[in-house]
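Please examine the sequence and the structure shown here before reading on.

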Amino acid sequence: DFVAVAGDLYDREARSVRANQFLVDQFERLSAEGIPAYVVHGNHDPLGDGAEKLDLPDSVYVFSADDVETAHYPNEEDPEARILGQSYGSKHESNKLYYSFTPPDTAIPNIGLLHTGLNPDGRKYAPCSSDDLASKGLDYWALGHLHSPHRVTGTPAAYSGIPQGRHSEELGAGGCLLVEVDSNSDPDIKFVPTS
């Protein structure tokens, strides 16, 4: 139904015009098939000074860094899912972003996009714990920052990892997650290898 990206869509320090155009082309392919995308920016692609200016299709919703925002799939008039997210404004985010992820109701699935190191004592990457995530009552947390795919024990949260290793020391299959979510039930999460 839609694609969710939980930060680090690209690495600002290793960007290229060719890679940027490839990314835009892939979002346009999704848009042509009627598949929207919801994106938060993380520590490698923060929205602050020097953020990449990509001409993305209207079907891509980029969450701001100012506060947690809510988007509705497929639209606000007849929503089937609610997506909550907040981007990083700078390379380091010491605020506890998870705290403001509060859905208004449970009538439709509530999905959070959060870029975090899942370290409650961390000072750089949106500190929080697995208990913090579980306490918010969301049906699924799409997490970004860690490069290995795994579920977070005791929560409806998972890291997809990355589609391919960034360097020769990142071994193992890269990929994404295919997630099916219903209100008030455990999400069905499947790893899909891509590299």
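A residue is called buried when its relative accessible area is under 20%, exposed when that area is over 50%, and partly exposed in between. The model discussed here is predicted. Aspartate 105 has a relative accessibility of 33%, and therefore it counts as partly exposed.

**Salt bridges**

The structure contains three salt bridges.

| Residue pair | Distance (N to O) |
|---|---|
| Aspartate 11 and arginine 166 | 2.1 Å |
| Aspartate 105 and arginine 82 | 3.2 Å |
| Lysine 190 and aspartate 188 | 2.8 Å |

Which parts of the chain does the pair of aspartate 11 and arginine 166 tie together? Aspartate 11 belongs to the loop between strand 1 (3-6) and helix 1 (17-32), while arginine 166 belongs to the loop between strand 9 (157-159) and strand 10 (175-180), so the pair joins parts that are 155 residues apart in sequence. Aspartate 11 has a relative accessible area of 16% and is therefore buried. Arginine 166, with a relative accessible area of 46%, is partly exposed.

The side chains of aspartate 105 and arginine 82 also meet in a salt bridge, at 3.2 Å from N to O. This pair links distant parts of the chain, 23 residues apart: arginine 82 is in strand 5 (81-85), and aspartate 105 is in the loop between strand 5 and strand 6. Is arginine 82 buried or partly exposed? Its relative accessibility is 6%, so arginine 82 counts as buried.

In the salt bridge between lysine 190 and aspartate 188, the side chains meet at 2.8 Å from N to O. Lysine 190 is partly exposed, because its relative accessibility is 43%. Aspartate 188 has a relative accessibility of 34% and likewise counts as partly exposed.

**Asparagine 119 and its surroundings**

Asparagine 119 lies in the loop that runs between strand 6 (110-115) and helix 2 (130-135). Its relative accessible area is 38%, so asparagine 119 is partly exposed. A polar atom of the asparagine 119 side chain is 2.9 Å from the backbone nitrogen of aspartate 121.

Which residues does asparagine 119 contact, leaving aside its neighbours within four places in sequence? Asparagine 119 is in contact with Pro127 and Cys128.

Conventions:
Residues numbered from 1 in each chain as written. Predicted model: local features only at pLDDT ≥ 70, side-chain atom pairs only at ≥ 80, totals over all residues. Heavy atoms only, no water. Helix = DSSP H or I, 4+ residues; strand = E, 2+ residues; numbered from the N terminus. Buried < 20%, exposed > 50% of the residue type's maximum accessible area, 1.4 Å probe, protein only. Contact = heavy atoms within 4.5 Å. Polar contact = N/O pair within 3.5 Å; in protein donor to acceptor, adjacent residues only side chain to side chain. Salt bridge = Lys/Arg side-chain N within 4 Å of Asp/Glu carboxyl O.
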